[in-house]
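Please keep the sequence and the model at hand while reading.

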Amino acid sequence: MVDWKQLEQKWQDRWTEAAAFETDPDREKPKYYLTVAYPYPNSPQHIGHGRTYTLTDVHARYMRMRGYNVLFPMAWHYTGTPLFAMVERLKERDPALVDTFLNLYGIPEAKLKELETPVSMANYFANEIKGGMKKIGYSIDWRRTFTTVDDYYHKFIEWQFAKLRQKGYITQGSHPVGWCLSCGNPVGQHDTIGDKEPEIEEFTLIKFRKGDAVFPAATLRPETIYGVTNMWLNPDAVYVEATVDGETWIVSAEAAKKLEMLGHRVKVETEFQGARLIGQTLTNPATGKEIIILPAPFVDPKNATGVVMSVPAHAPFDYVALEQLKREIKTNPDAYTIKPSDVSALEPISVIELSTYGESPAVDIVKKMKITDQTSPDLEKATKEIYSDEFHRGKMRGNTGQYVGLNVQAAKDAVKNDLVANGNASTMFEMIEPVKCRCGTEVVVKIFENQWFINYGDEAWKKLARENIDQMEIVPRELKQEFFNVVDWLKAKACARKAGMGTRLPWEPDWIIESLSDSTIYMAYYTVIKGLNELKPKPEQLNEVFWDYVFLGIGTPVKVEASTGIPMEKIKELHDEFSYFYPMDARHSGRDLIPNHLTFMIFIHDAIWGREYWPQGIFVNGSVLMEGAKMSKSMNNIIPLVNAIDRFGADPLRISLMITAEPLKDADFSPDLAKSMMGLLEGFFARAQRIISDKQEGAYELQETDLWMLSRLQSHIADANEAMHELKVRKTIHAATYDLDADLDWYLKRVAYDRDHEGRRKAISHVEWMVLDIQVRLLAPFTPHLCEEIWEQMGGEGFVAYAPWPEVDGSQIREDAEELETIVKTCTEDVTNITKVTGIKPSTIHFYTADNWKWKMLEKAMELQTRGNVDIGTMIREAFKDEEMRTKQKEVPAYARTLIDEVKKMPEATLRLRRGMGHVNETTLLQDAERFLKGEFGCDVTVSGESDPWIDDPAKRASRAKPYRPAIYVA
């Protein structure tokens, strides 16, 4: 058993005492600078956070072992309003929050009173998170820590915004923003429950009319107006008649409030149930045809206007709903206020031609997927497929007026623009999906007047971002296009608000810069904060002249000293430290931050710095599931990181978070997995201690089996290196544990009967030591505490954290030894399978090796295959040129047929290797393995050539022997 707590504390103390991970410029070594998102401290971290941060630490440790001067810093993001909302809930002693604090987070009840300000709560959780990061063994330079409400950081962010404004990237105007009515603020991803980005879409409101009343149907597909068969209203929802910008509109009560938030002049006249309108008819402004209003309980009155046009030919939801209503009204006509004939007469009207579908694409896909009910989960998939196909490949049909023949992409804008120009449509901004502020209020869209924005929609700026992404290393590679897509659709983003913690806008201090705008280039700040803390200047000394020189090299140290009063040698040191560590080599984050933070980071860097300082790499990972389910408080499956460390140990937890999936996939954690990993590591430690205690000194001579193990070791090093190049940590761990252990287990079985010979003991000890030396270094980034302990017991120099990462030793690669050992392994596996199938408990196992003429034929077949002209006729003719072959008139043709098939399927590398090896003496090979085989199966073993005169072949199996595949008889 390993005392994990004692072991972890020992090495964490050693690292701290030695300042092992405090990194300063070292011009003698290449640098590697990586960062990960600084935490927002409104709760302790849980194991879901642990994956992103552990992956970053694994990366840092790996690069250190590769000889780089690695900087891995950490800080705290206090900016924003979520802490304010949490503090208010705590002051009110919200039962759910108090229960979470006391029972999940383990905060003493007496401590709660101390957490009733945003800063005190943030400080408490920042200390908790820092403690957890130390306990799990992250190799962080803690001298560079800061918070985003520090005075120095405020001056840095003021400089950032001054630069952006000077370059014209800061604008002011009226734009739609996600808005919390309760907090009275714009809302970004960091302000929402579940960190969901409030995504806003512009809907077209098509004005269907009844007399003077307008029924504005909200749609993202205005081009389908020619295919509308009916209107959907929710009979149970409250609708209003309201004057909107001088027109009479019928919309849901919720929509009336939203329209007001969007700057429309709205006056509600009357309220009524939607049921009052069912069965009435409206005029389609594009076709002039009358359409009926049908009941639709599925229409959400909170979504857009609560008025939905139905296009069953092109919207799977509409087709399924219409067919379902037809069935229900036919079965129970008295439950409806409309005639069955009014509904049964409705048929899909196709307005888009799509070559891969019939007349009505939605009808085709619904029938193909056998969807009959609106609750089917396949409806969403069907809808996405149809919408995508029609948008990219569809053309407008002959019943669409002036838009005939247009592709759907062009028609969508053309129809919308014409309808708006003719007064038959308007627009409305709406959330793509519901999002709640952390205070619990649903986020709405508001047209915010005189708001400050970062204009990510600037096309020249987008060009720079695309250039950066194009040259950047993005891991996994397939996500590069995702970044390009975000750049394409990104628009102006609100960057300030009137409440919360953060840096005040330098030219308008009533505004506070929001959390996704003050967290884009702090990676540069890490490089100088240590120096600033040592220097301790007054915040007002950190003016624009100071930052311009430190980060941009503008001016001279003499001029900066004159402006700031800071000694010029210190100013130069700060600039030199920044220019040593920048550009940032790797940024780690979750995939959910691609649409915002990660892309914003690229934009802001590209705006402020020249290409030599642009970010060089982004590494993205997925989430963590708990036993297959998403982690949430409601499911009671969240485990705080410090609790998991106490329960399972730091190293077992680290490797558990890494081993179940490659970075982009979601990792599936479970307590059983962590316990299994604990067992794996304890087994590794026990074996290591045995190898260390059994180490033999003195001369030795390696045999083929030893050479096989050392060659296999190189293969596992190669696999691990290839995987780690793209941070495929699961593959690396498998190479270093399961795969390597399997070969070592086989090797130890093979040499088990050799240990009674002193020379062999020394050779075996040497091989085991070589394996352990490699394995402990391969695992060091993943399980650093355990590997430091083993490394010390091995007498390794310094910390294993700085030991060289294993590289393949070409001189140890022996493909021929591996091929020979494969023969022994295959024979062993064949005997095992025979005994399993037959149930025989063997008394004797007979192995029969192939005759010389079969080896000659194999060599000839491989030669012909190499030349590219192996066939049965050529093979037989070539064989009979040999005198020995001519004595095998019956056997040669039959064997040639089998041999040709095998050679044609033989991998090129195997063909090359076996040609070079020539005739293998399998008899000697198996005779040398007799002691092993006898011990493995507990019986006698005989080895004979198939034509040996003394052969014991009671079952006549010997003639089945082939090169590399001896025949076997189990008696």
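## Conventions

Axes are lines fitted to C-alpha atoms, for helices over the stretch in contact, and the angles between N-to-C directions run from 0 to 180 degrees. Helices (H or I, at least four residues) and strands (E, at least two) are DSSP runs, numbered from the N terminus.

This is a predicted model, in which local features need pLDDT of at least 70 and side-chain atom pairs count only at pLDDT 80 or more, whereas totals for chains, interfaces and linings use all residues. Residues are numbered from 1 along each chain as its sequence is written, and side-chain values use heavy atoms, with hydrogens and water left out.

## A helix pair

Two packed helices are described by the angle between their axes and the distance between the axes. For α22 and helix α26 (residues 784-793), the axes come within 10 Å and cross at roughly 5°. That makes α22 roughly parallel to α26, a label for angles under 35 degrees, while those over 145 count as roughly antiparallel, 65 to 115 as roughly perpendicular and the rest as oblique.

Contact (heavy atoms within 4.5 Å) is made by Leu 681, Phe 684, Phe 685, Ala 688, Gln 689 and Ile 692 on the α22 side, and by Leu 786, Glu 789, Ile 790 and Gln 793 on the α26 side. By class, this contact has seven nonpolar, two polar and one charged residues, where Ala, Val, Leu, Ile, Met, Phe, Trp, Tyr, Cys and Pro count as nonpolar, Asp, Glu, Lys and Arg as charged, and the others, Gly among them, as polar.

## Nonpolar cores

A nonpolar core is a set of buried Ala, Val, Leu, Ile, Met, Phe, Trp, Tyr and Cys residues joined through side-chain atoms within 4.5 Å; buried means under 20% relative accessible area, exposed over 50%, and partly exposed in between (1.4 Å probe, protein chains only). The largest such core has 165 residues, of which Phe 101, Phe 669, Ile 790, Phe 847 and Met 857 touch the most other members. Helix α22 (residues 671-693) gives the most to this core, with eleven residues. A second, separate core of 80 residues includes Ala 75, Ile 469, Phe 483 and Phe 484.

When neighbours within four places in sequence are left aside, Met 857 is in contact with Met 875, Ala 879, Met 885, Val 892, Tyr 895, Ala 896 and Leu 899.

## An open sheet

Four strands form an open sheet in the order β4-β3-β17-β19, with antiparallel pairing, two strands being paired if DSSP finds at least two bridges between them. Its edge strands, β4 (185-186) and β19 (492-494), each pair on one side only. Within the sheet, β3 (residues 170-180) and β17 (residues 444-455) pair in the antiparallel sense over nine bridges, and Trp 179 stands opposite Val 444 in β17.

## Backbone details

A cis peptide bond joins Val 475 and Pro 476, with omega about 0°, and Pro 476 lies in the loop between β18 (473-475) and α14 (480-489). Another cis peptide bond joins Tyr 582 and Pro 583, with omega about 5°; Pro 583 is found in the loop between α18 (568-581) and β22 (586-590).

Lys 370, a residue other than glycine, has a positive phi near 55°; Lys 370 lies in the loop between α10 (361-368) and α11 (378-393) and is exposed, with a relative accessible area of 72%.
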